[in-house]
Amino acid sequence: MARFSDEMLSRAEELVALYPDPRSATIPLCHLAQEQDGYVTNEAMAHIAELVGSTAAEVQGTASFYDMLKLEPVGRYVIGVCTNIACMLRGAYELLEDAEEILDLPVGATTQDRLFTLEEVECIAHCDQAPAAQVNYRYFGPLDRQSFESLVSKLRNGELNEEVPPHGTLIRIRRQAPAVIPMEEIDRNRAGEAE
Ligand code: FES
């Protein structure tokens with residue numbers, strides 16, 4: 001895997017067209033690659049570089065800076081248990097230990113069936129529901145051993161498919177791009193800048 005598929009390529013081109021400088025689309029394109037494959041593959045980084053006019057190394061340099069962008073395979077569900085202060089005071093470390101036991105997985109690892117990756121994360125701004133966790137950046141809490149076990153079981157049997165899409169899908173509503181700015185106008189602007 002994987003350069004962009006035809007469908008993703010057309011979305012990638014729409015994204016690039018949104019920015020006066022194509023390189024500004026680097027991060028959105030990394031998210032698009034992650035939506036396609038669950039993580040940002042080396043091939044995708046090379047493809048992104050072609051699309052935005054940079055190098056694969058530059059794309060990797062950008063992508064590796066952000067925790068949300070994964071450069072190695074992760075599970076369909078990336079579970080982040082917050083252990084920051086509000087959650088810690090309400091049992092986050094016990095919850096993290098429970099999570100390791102329930103998933104039979106140390107923090108930072110992925111189950112062999114590639115269903116779950118477990119992470120320890122800093123505050124996810126869900127403090128009023130401490131101890132909190134996120135699954136593919138969807139929020140859950142307050143959690144204890146029982147509710148965490150129930151969450152894992154619902155994820156496993158597909159009960160939360162609507163609420164929690166596979167890792168990489170941030171939104172399901174597509175921006176209509178580049179509906180607001182016609183391509184010709186963008187091309188004209190770019191040509192003007194180049195002069
Ligand atoms: S401290 Fe855990 S969500 Fe804020």
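A pocket here is an open set of points on a 1 Å grid over the protein atoms alone, where a 1.4 Å probe fits, with protein on both sides within 12 Å along at least five of seven lines; lining residues have an atom within 4 Å of a point. The elements that give two or more residues to this lining are β1 (77-82) and β2 (116-121). The largest share, 3 residues, comes from β1.

The model is predicted: local features need pLDDT of at least 70, side-chain atom pairs count only at pLDDT 80 or more, and totals for chains, interfaces and linings use all residues. Residues are numbered from 1 along each chain as its sequence is written, and side-chain values use heavy atoms, with hydrogens and water left out.

The second largest pocket holds about 250 Å³ of space. That volume is the space filled by probe spheres set on the grid points, which are joined across faces, edges and corners. By class, its lining has 5 nonpolar, 3 polar and 4 charged residues. Nonpolar covers Ala, Val, Leu, Ile, Met, Phe, Trp, Tyr, Cys and Pro; charged covers Asp, Glu, Lys and Arg; the others, Gly among them, are polar.

The centres of the two domains, taken over C-alpha atoms, are 29 Å apart.

Now the whole chain. It has 8 helices and 4 strands. These are DSSP runs, numbered from the N terminus: helices are H or I with at least four residues, strands E with at least two. The order from the N terminus is α-α-α-α-β-α-α-β-β-β-α-α. The C-alpha trace spans about 60 × 35 × 30 Å along its principal axes.

| Helix pair | Angle | Axis distance |
|---|---|---|
| α1 (residues 6-17) and α2 (residues 26-37) | about 165° | 10 Å |
| α6 (residues 92-103) and α7 (residues 145-156) | roughly 40° | within 10 Å |

Axes are lines fitted to C-alpha atoms, for helices over the stretch in contact, and angles run from 0 to 180 degrees between N-to-C directions. Angles under 35 degrees count as roughly parallel, over 145 as roughly antiparallel, 65 to 115 as roughly perpendicular and the rest as oblique. So α1 and α2 are roughly antiparallel, and α6 and α7 are therefore oblique to each other.

Terms used:
Domain bounds come from an automatic or database domain assignment.
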